[in-house]
Amino acid sequence: MKSQITNALSDFFFEYETPRQVLVRNRRVGVVCRLIQLGVLAYIIGWVFIYEKGYQSTDTAVSSVFTKMKGVGYTNVSGRETVWDVADYVFPSQGDASFVVMTNFIITEGQKMGTCPELPGKHTCSSNADCKGGSFKRTGHGQMTGVCVNATKTCEVLTWCPVEDDTYIPDPPLLISAENYTLFIKNSVNFPLFGVKRSNLVEGIDGLYISKCLYDPADAPLCPIFKLGDIVKLSGFSFEKIAKEGGAIGIVVDWTCNLDVHIKHCKPEYSFHGLYGNANEMDEVRTSMGYNFRCVNVIR
């Protein structure tokens, strides 16, 4: 046993072995061998290092967005002239990353708490037995009182009277001028892994440029001022249709940066997407078209 261990140690320290190589003089075999080697080399250099940049680390940006809308609208409803500014048509107040711009509206004036009949065609009745007092209908406007109003053949409800009538939607939209409103987007990003901070107000985007520019994907792709009509158009939808019944548009600010090159080349790219349906669908096949909400103005 001792001699075996001694021989093994002796062989390990005092002998040297090398693989035997066989030289094959054959052009076809040589060409195939070199092509395989070149293919592997091209894959590693071209795909892994150059295209996929497998040597790089990646980081997820921490981002903040501020917005500001500008524009003035005018309406003349039943002889009442009104000028609408940002405080009237933007909800919530300025600055949020998501907001609503009012483009159409229905006004129900003089409402007060009381009892009144439901709209004709809604919750019809022939007698008081059809209107169970104290109950509610899912699509109703208030609590039923148990009275069937003969004049309208609808149930009487306790609610804000007169009830809202949204069967007719103004067409064209009352605030169609919103197409020319402008949106200013201020976006800041931070790549904490690399200690890099950027803003969409990149080199060359100063106060003078902002005061004159308007975003265009070809001529002014870095301008942070967007016309509302252009945003809807670039998302693939018709502004007039969205302005009538409402809709949702998403704005994506893409920061895909290669930090191997100079930081000035790290610039945002904007894209726009309709978030409430397919622009190619006919209105007749869509369900729950548009977007709407209710708000209250109390005048004392």
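Student: How many disulfides does a search of the whole structure find?
Tutor: Keep in mind that we're looking at a predicted model. A disulfide is a covalent bond between the sulfur atoms of two cysteines. Search the whole structure for such pairs and the count of disulfides is 5.

Student: Is the disulfide of Cys-125 and Cys-148 right-handed or left-handed?
Tutor: The sulfur atoms of Cys-125 and Cys-148 sit 2.0 Å apart. Cys-125 is in the loop between strand 6 (112-117) and strand 7 (143-149), and Cys-148 is in strand 7, 23 residues apart. Both cysteines are buried. The torsion about their S-S bond is about 90 degrees, so this disulfide is right-handed.

Student: And the disulfide of Cys-131 and Cys-155, right-handed or left-handed?
Tutor: Cys-131 and Cys-155 have their sulfur atoms 2.0 Å apart. Cys-131 lies in the loop between strand 6 and strand 7 and Cys-155 in strand 8, so the bond ties together parts that are 24 residues apart in sequence. The torsion about the S-S bond comes to about -85 degrees, so the disulfide is left-handed.

Student: Is Cys-213 buried or exposed?
Tutor: Cys-213 forms a disulfide with Cys-223, and both partners are in the loop between helix 4 and strand 11. Cys-223 has a relative accessible area of 0% and is buried. The cut-off for buried is under 20%. Cys-213 has 12% relative accessibility, so it counts as buried.

Student: How does Cys-33 count at 34% relative accessibility?
Tutor: Buried would need under 20%, and exposed would need over 50%. At 34%, Cys-33 falls in between, so it counts as partly exposed.

Student: Now the rings: how many aromatic pairs does the structure hold?
Tutor: A pair of aromatic rings is described by the distance of the centres and the angle of the planes. Go through the structure for such pairs and the total is 7.

Student: Why is the pair of Tyr-89 and Tyr-181 stacked?
Tutor: Tyr-89 lies in helix 3 (residues 86-89) and Tyr-181 in the loop between strand 8 (154-161) and strand 9 (182-191), so their pairing ties together parts 92 residues apart in sequence. Both are buried, Tyr-89 with a relative accessible area of 0% and Tyr-181 with 1%. Planes under 30 degrees apart count as stacked. These ring centres are 4.3 Å apart and the angle between the planes is 20 degrees.

Student: What kind of pair do Tyr-215 and Phe-272 form?
Tutor: Tyr-215 is in the loop between helix 4 (207-212) and strand 11 (225-227), while Phe-272 is in strand 13 (residues 269-274), 57 residues apart. Both residues are buried. With 5.7 Å centre to centre and 65 degrees between the planes, the pair is edge-to-face.

Student: Which residues do ring pairs link into a cluster?
Tutor: Tyr-215 and Phe-272 belong to it.

Technical notes: Residues numbered from 1 in each chain as written. Predicted model: local features only at pLDDT ≥ 70, side-chain atom pairs only at ≥ 80, totals over all residues. Heavy atoms only, no water. Phe/Tyr/Trp six-rings, centres within 6.5 Å; stacked < 30°, edge-to-face > 60°. Helix = DSSP H or I, 4+ residues; strand = E, 2+ residues; numbered from the N terminus. Buried < 20%, exposed > 50% of the residue type's maximum accessible area, 1.4 Å probe, protein only. Disulfide = S-S within 2.5 Å.
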